[in-house]
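Please keep the sequence and the coordinates at hand while reading.

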Amino acid sequence: MRLSRFPRVRLGHLPTPFEPMERLTSLLGGPRLWIKRDDCTGLSGGGNKTRKLEYLMGEALEKGADTIISQGATQSNHARQTAAAAARLGLRCHLLLEDRTGKEDAAYRLNGNVLLDQLHGASISERPAGADMNAEMDALADTLRAEGAKPYVIPGGGSNAVGALGYVNAALEILGQSVSMGVPIDHILHGTGSAGTQAGLVTGLAALNSGIPVLGIGVRAPREKQEESVFALCEKTADYLGVPGAVKREQVVANCDYVGEGYGLPAPSTIEAIKMLAEVEGILLDPVYSGKAMAGLIDLVRKGRFGSEENVVFLHTGGSTALFGYPDEFALPGYRA
């Protein structure tokens with residue numbers, strides 16, 4: 001499994017911190033909770049997509065691209081980091097943003113990640129909910145080629161076999177920190193959506209025979225659909241790495257009980273989790289991915305899912321910039337004179 005043979009551009013502040021959450025552990029009464037701070041990857045506020053973009057942008061440059069095309073939801077963390085990576089590398093960037101929530105307030109449509117997309121110089125166009133976003137990107141790429149550009153198309157979330165290499169590499173990083181810090185990891189948990197983070201992590205850990213189970217907390221799709229999507233990408237990633245068959249179907253596990261009303265719509269448990277981490281650990285989560293993932297972790301701990309002495313690692317995928325698109329959901333008291 002030689003990751004060094006794949007083109008890569010260094011964009012992130014790696015390795016990211018691996019830290020105990022002592023106050024949250026005490027509040028919930030165990031197990032031993034840890035956090036892998038991939039919100040600290042550095043690129044435009046950080047987040048998990050930076051790891052994927054290191055390999056995706058590496059391939060784009062190798063192919064001579066001068067323009068990047070990608071897509072996501074209105075408050076897409078991936079879109080923000082893609083725009084930042086393109087800016088850093090001197091590439092033009094076109095983002096197609098799908099309206100998946102129906103939210104019309106100005107904070108959601110203009111603030112948070114949308115504001116940063118524009119600050120990074122990306123060209124933005126909107127698409128309605130349910131649009132075939134891959135077809136829309138392909139059509140834009142054809143138009144740009146006809147104008148003389150050399151576009152490179154990145155799928156939503158950066159989730160293909162190339163992007164998943166970022167989390168194969170993260171698996172190596174996590175295992176190294178586990179050894180150096182003397183922390184035997186019993187479980188890893190994170191939010192799962194477009195599949196690339198979970199697929200890369202599962203593939204890397206399986207190829208290294210770590211024996212560490214990964215639980216993805218779903219943010220959009222039903223469990224069976226999510227698991228099949230992740231497993232399909234695991235197989236493609238393993239083939240791409242040259243370790244076909246490294247991942248077994250039973251190693252891909254998702255829990256989709258915390259989605260709430262839908263993608264990008266925080267449930268009451270999401271809001272509770274975000275407030276709890278902010279007040280207890282000084283850590284900011286986001287309303288779309290990490291907030292729902294932490295809600296799942298909190299609920300599973302309360303239900304006794306983990307042993308009291310087990311080490312459970314929460315992979316923080318970032319996205320706190322999106323909080324500025326959801327001010328009304330938190331019902332905070334505001335300023336006091």
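Two strands are taken to pair if DSSP finds at least two bridges between them, and strands themselves are DSSP runs of E covering at least two residues, numbered from the N terminus. The model described here is a predicted one.

**The open sheet and the helix across it**

- Strand β4, which spans residues 92-98, pairs with β5 in the parallel sense over 5 bridges.
- These two strands belong to an open sheet of 4 strands, whose order is β5-β4-β3-β6 and whose pairing is parallel.
- At the edges of this sheet are β5 (123-127) and β6 (151-153), each of which pairs on one side only, and neighbouring strands of the sheet are turned against each other by 25 degrees on average, direction ignored.
- Helix α6, made up of residues 133-146, lies across β3, β4, β5 and β6, and runs at about 160 degrees to β3.

**S70 in strand β3**

- S70 is found in strand β3, which covers residues 67-73, and its relative accessible area is 0%, so it counts as buried, the cut-off being under 20%.
- The side chain of S70 makes a polar contact of 2.7 Å with the side chain of H78, and the side chain of S70 also reaches the backbone oxygen of I154 at 2.8 Å.
- Leaving aside residues up to four places away in sequence, S70 touches H78, T82, H94, L95, L96, M137, I154 and P155.

- Strand β10, formed by residues 311-316, is mostly covered, since 6 of its 6 residues are buried.
- From β10, N311, V313 and L315 point one way while V312, F314 and H316 point the other way, and the residues of both sets are buried.
- Strand β2 (residues 32-37) runs parallel to β10 and is joined to it by 6 bridges, with V312 in β10 as the bridge partner of L33.
- Strand β7 (residues 187-192) likewise runs parallel to β10, here through 3 bridges, and the bridge partner of L189 is F314 in β10.

**The largest pocket**

- The volume of the largest pocket is about 810 Å³.
- Its lining consists of 32 residues, of which G156, G193, S194, R220 and S229 lie nearest the centre of the pocket.
- The elements that give two or more residues to this lining are β3, α3 (77-89), α6 and α9 (223-241), and α9 gives the most, with 6 residues.

**Y263 in a loop**

- Y263 is found in the loop between β9 (253-255) and α10 (268-280), yet its relative accessible area is 12%, so Y263 is classed as buried under the 20% limit.
- The side chains of Y263 and Y289 are joined by a polar contact of 3.2 Å.
- Residues up to four places away in sequence being left out, Y263 touches A73, R100, T101, V219, R220, V288, Y289 and K292; among these, R220 is also one of the residues that lie nearest the centre of the largest pocket.
- The C-alpha atoms of Y263 and D142 are separated by 30 Å, the two residues being 121 residues apart along the chain.

Methods:
Residues numbered from 1 in each chain as written. Predicted model: local features only at pLDDT ≥ 70, side-chain atom pairs only at ≥ 80, totals over all residues. Heavy atoms only, no water. Buried < 20%, exposed > 50% of the residue type's maximum accessible area, 1.4 Å probe, protein only. Polar contact = N/O pair within 3.5 Å; in protein donor to acceptor, adjacent residues only side chain to side chain. Contact = heavy atoms within 4.5 Å. Axes fitted to C-alpha atoms, helices over the stretch in contact; angles between N-to-C directions. 1 Å grid on protein atoms, 1.4 Å probe; cavity = no way out; pocket = protein on both sides within 12 Å on 5 of 7 lines; lining within 4 Å. Points joined across faces, edges and corners; volume = space filled by probe spheres on them.
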